[in-house]
Amino acid sequence: MAENKNLTAEQDYAQNFMPGVHKIGRFTMIVAFVLSYLPIAYFYFIKGYKAPGTMYISGLTAIAAIGFGMWISEPETYWPILGSAGTYIAYLSGNVGGMRFPVSMAVQKNVDADINTPRGQVATITGIVASVFANLVLLLITVLVGAWIISVLPANVVHAFSYCLVAMMGSMLLMRFTMGGKSVKENLMGNIPYMAWGIFAYFLSKMVPALANWKTLIAVGGALIIAYFIFLNDKKKLEAK
Amino acid sequence: MSVVKAMNPTLWLFAGILIVWVLVQSGLFYRHTMAFNKRNNLLTKEEINDCMKVGAAAAVGPAMNAIAVALTLIAMVGYATTFMRCGVIGAPGWELYMANIAATTAGVALGSEGMTEAIFTFAIFCMVTASAPYFINCIIMLKPLDLAVEKARKGSGISYTNYMGNAAMFGMLSATIIDYFFQKDNCAALIVSTIAAIVVNAIVKKTGSKALSTFSMVICMIFGMIAGQVVFQNFMP
């Protein structure tokens, strides 16, 4: 890839960095897709472990019924926070909501930069990559000696880990209130419309069970639409000055 | 379970290939990002190291949380499949759910002697297929999204992209967090971790401690976990 040294960071980001991200992301995802089905192809076609076709169709139908809403919406809901590179990595390495999302929040807070800035992108990708390595090491330890770890830890310590995600969310929310050089009050006031919409989406998904799988999409999609109107309003004000 | 054990060695090979691919992807992105950073001096070496520490440290808690579910999955589908599915794409809870759907469809219990090689292959198929569409989504959707953002960025004055991160984050977090207020233990974990975050943030501001800032999320998480557990043990039936 030819990279012009006279480009500004923003230009380099748009002209070289992002196209490179998609080249790597798309290529690795296509290969991963094929690799994922490799063991099945081996057992089915080479070893001859064939279950009836009707069983595959039934399984596929059941999975599609549960997963369809998430398949078409979930990556887009995390993308505004993870960025494209972060989303590619997160959806290959897994644990998107429970691990990559909090990691992104933490690193962005650490450098006080949003994902939409080149600085924020560099920080987020670095943090997510580190989390991938850390997770794989821990997973390997789990697979090898996990049963022993659980047996030596007191039961209440093991149970306390179930609060890990909710405890992270409290600090994540506060982190976001202290970012961008604004006061907590300013950040809180500016984000009330999105929070109100998120709460509305929660109750809507509770009242209409058919929307349960779409809760996150409704919450994020609606918040983005609200953000667009706020942006138009701010733009109008700026142009009037 | 004997079938699972018999297929395990072969599955380790496929698991190894996939895990290596995950590492290759992360390595490629890291190299690409570092080259970009070097050209533009966006983050210092120290800041990069801090990001790595934050990323690794923030992953420990959720990874520990996943251990219990992963162990259940090991009992049902074996070591190699668990490593393959939880290290790539899946989260233990989701994978266990999908394995159960496969077993129910096949009319057997997971991990039972009724599990044949063919049914186990089918269970792996269900686990893979439940996550594979995310790949297709990423391949198709992410580039157009970025192009749209780039187009918006080129417009004059302020850009919509500056509003997107906050909107998505607060919309998502609010829709998720509200559920926790209805359970005493989760509510305690949430409130205490938020208070801890306020305190840690104030100390960081006062002292300028980089180390405390780096591990602030982990510290707050530990306080929240303790609070949740205390309430669970003492105030819940």
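In chain A, confidence is lowest in helix H6 (residues 164-177) of chain A, with a mean pLDDT of 80. It is highest in helix H1 (residues 9-46) of chain A, at 94. Where pLDDT is low, the predicted coordinates should not be read in detail. Over the whole of chain A, pLDDT averages 87. A score of at least 70 is reached by 97% of the residues of chain A.

**The build of chain A**

Chain A has eight helices and zero strands. Read from the N terminus, its elements run α-α-α-α-α-α-α-α. The C-alpha trace of chain A spans about 75 × 50 × 40 Å along its principal axes.

**Where the chains meet**

Chain A and chain B touch. On the chain B side, 126 residues are in contact with 136 residues of chain A. Helix H5 (residues 117-154) of chain B gives the largest share of the chain B side, 24 residues. The side of chain B that touches chain A has 82 nonpolar, 35 polar and nine charged residues.

**One helix pair**

Now take a single pair across the two chains. Two packed helices are described by the angle between their axes and the distance between the axes. The axes of H6(A) and helix H9 (residues 216-235) of chain B come within 8 Å. They cross at roughly 125°. Angles of 65 to 115 degrees count as roughly perpendicular and those over 145 as roughly antiparallel, so H6(A) is oblique to H9(B). The crossing of H6(A) past H9(B) is right-handed.

Which residues of H6(A) make the contact? They are A:Cys164, A:Val166, A:Ala167, A:Met168, A:Gly170 and A:Ser171. From H9(B) come B:Ser216, B:Met217, B:Cys220, B:Met221, B:Gly224, B:Met225 and B:Gly228. By class, this contact has eight nonpolar, five polar and no charged residues.

**Inside chain B**

Chain B is divided into domain 1 (2-149) and domain 2 (161-235). Their centres, taken over C-alpha atoms, are 26 Å apart. Seven residues of domain 1 of chain B are in contact with seven residues of domain 2 of chain B. On the domain 1 side, helix H2 (residues 45-77) of chain B gives the most, with six residues. That side divides into four nonpolar, one polar and two charged residues.

**Contacts by class**

| Side of domain 1 of chain B that touches domain 2 of chain B | four residues | one residue | two residues |

How values were computed
Residues numbered from 1 in each chain as written. Chains lettered and ligands numbered in written order. Predicted model: local features only at pLDDT ≥ 70, side-chain atom pairs only at ≥ 80, totals over all residues. Contact = placed C-beta atoms within 7 Å. Helix = DSSP H or I, 4+ residues; strand = E, 2+ residues; numbered from the N terminus. Nonpolar A, V, L, I, M, F, W, Y, C, P; charged D, E, K, R; others polar. Domains from an automatic or database assignment. pLDDT = per-residue confidence, 0-100. Axes fitted to C-alpha atoms, helices over the stretch in contact; angles between N-to-C directions. Parallel < 35°, antiparallel > 145°, perpendicular 65-115°, else oblique. Left-handed = near helix turned anticlockwise from the far one by under 90°.
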